Amino acid sequence: MGNHRIFTTSFASVYPHYINKVERKGHTKAELDEIIFWLTGYNEETFQQLLDDKIDFQTFFEKAPQINPNVTKITGVICGYRVEDIENPLMQKIRYLDKLVDELSKGKSMNKILRS
């Protein structure tokens, strides 16, 4: 998984797909944002600026104020890979986000998603 195409894909171009995925299942953009903020340490203002700047996934995670220390509690399979076994650190962070979005769309409680 060296230099995967997702690394240079604009986060802003994928974000609407995340929103659609959770809204189709009865959840809100606010819940999605809460998950993203929990994972990355961004807040509404810094996050909106990143969306406006159309930064790529690599920059999105490089600029993250603080990756939540509880990410190691995120386990399971996403896109056929166990997230805890992914060796590329950037791909692992992207898959952590994918896993959290999946958990929200499947109706898991926010306490469990945020590993509280």
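Visitor: How much of the protein counts as buried?
Guide: Keep in mind that this is a predicted model. The protein has 116 residues, and the share of them that counts as buried is 47%.

Visitor: In what order do the helices and strands come?
Guide: The protein holds 6 helices and 2 strands. Reading from the N terminus, the order is α-α-α-α-β-β-α-α.

Visitor: How does the radius of gyration compare with what the globule rule gives?
Guide: The C-alpha trace spans about 30 × 30 × 25 Å along its principal axes. For 116 residues the globule rule gives 13 Å, and the protein comes out close to that, so it is as compact as a globular protein of that length. Its radius of gyration is 13 Å.

Visitor: Of the contacts between residues at least 6 apart in sequence, what share joins residues at least 24 apart?
Guide: A contact here needs heavy atoms within 4.5 Å. Among the contacts between residues at least 6 apart, the share that reaches at least 24 apart is 65%.

Visitor: On to the rings, then. How many aromatic pairs turn up in the whole structure, and which residues do ring pairs link into a cluster?
Guide: Searching the whole structure gives 10 aromatic pairs. Ring pairs tie together a cluster made of Phe11, Tyr15, Tyr18, Phe37, Tyr42, Phe47, Phe57, Phe60 and Phe61.

Visitor: Is the pair of Phe37 and Phe47 stacked or edge-to-face?
Guide: The ring centres of Phe37 and Phe47 sit 5.5 Å apart, with 75 degrees between the planes. Planes over 60 degrees apart fall in one class, so the Phe37 and Phe47 pair is edge-to-face.

Visitor: Which helices does that Phe37 and Phe47 pair link?
Guide: The two residues are 10 apart in the chain, and the pair links distant parts of it. Phe37 lies in residues 29-40 and Phe47 in residues 44-53, which are helices H2 and H3.

Visitor: Why do Phe37 and Phe47 count as buried?
Guide: Buried means under 20% relative accessible area. Phe47 has 3% relative accessibility, so Phe47 counts as buried. Phe37 also counts as buried, because its relative accessibility is 19%.

Visitor: Phe47 pairs with Phe60 too; where does Phe60 sit, and is it buried or exposed?
Guide: Phe47 and Phe60 form an edge-to-face pair, 6.3 Å centre to centre with 70 degrees between the planes. That pair links helix H3 to helix H4 (residues 57-62), where Phe60 sits, 13 residues from Phe47. With a relative accessible area of 1%, Phe60 is buried.

How values were computed: Residues are numbered from 1 along each chain as its sequence is written. This is a predicted model: local features need pLDDT of at least 70, side-chain atom pairs count only at pLDDT 80 or more; totals for chains, interfaces and linings use all residues. Side-chain values use heavy atoms; hydrogens and water are left out. Rings of Phe, Tyr and Trp (its six-membered ring) pair if their centres lie within 6.5 Å; planes under 30 degrees apart count as stacked, over 60 as edge-to-face and the rest as tilted. Helices (H or I, at least four residues) and strands (E, at least two) are DSSP runs, numbered from the N terminus. Buried means under 20% relative accessible area, exposed over 50%, partly exposed in between (1.4 Å probe, protein chains only). The radius of gyration is taken over C-alpha atoms; the globule rule is 2.2 Å times the number of residues to the power 0.38.
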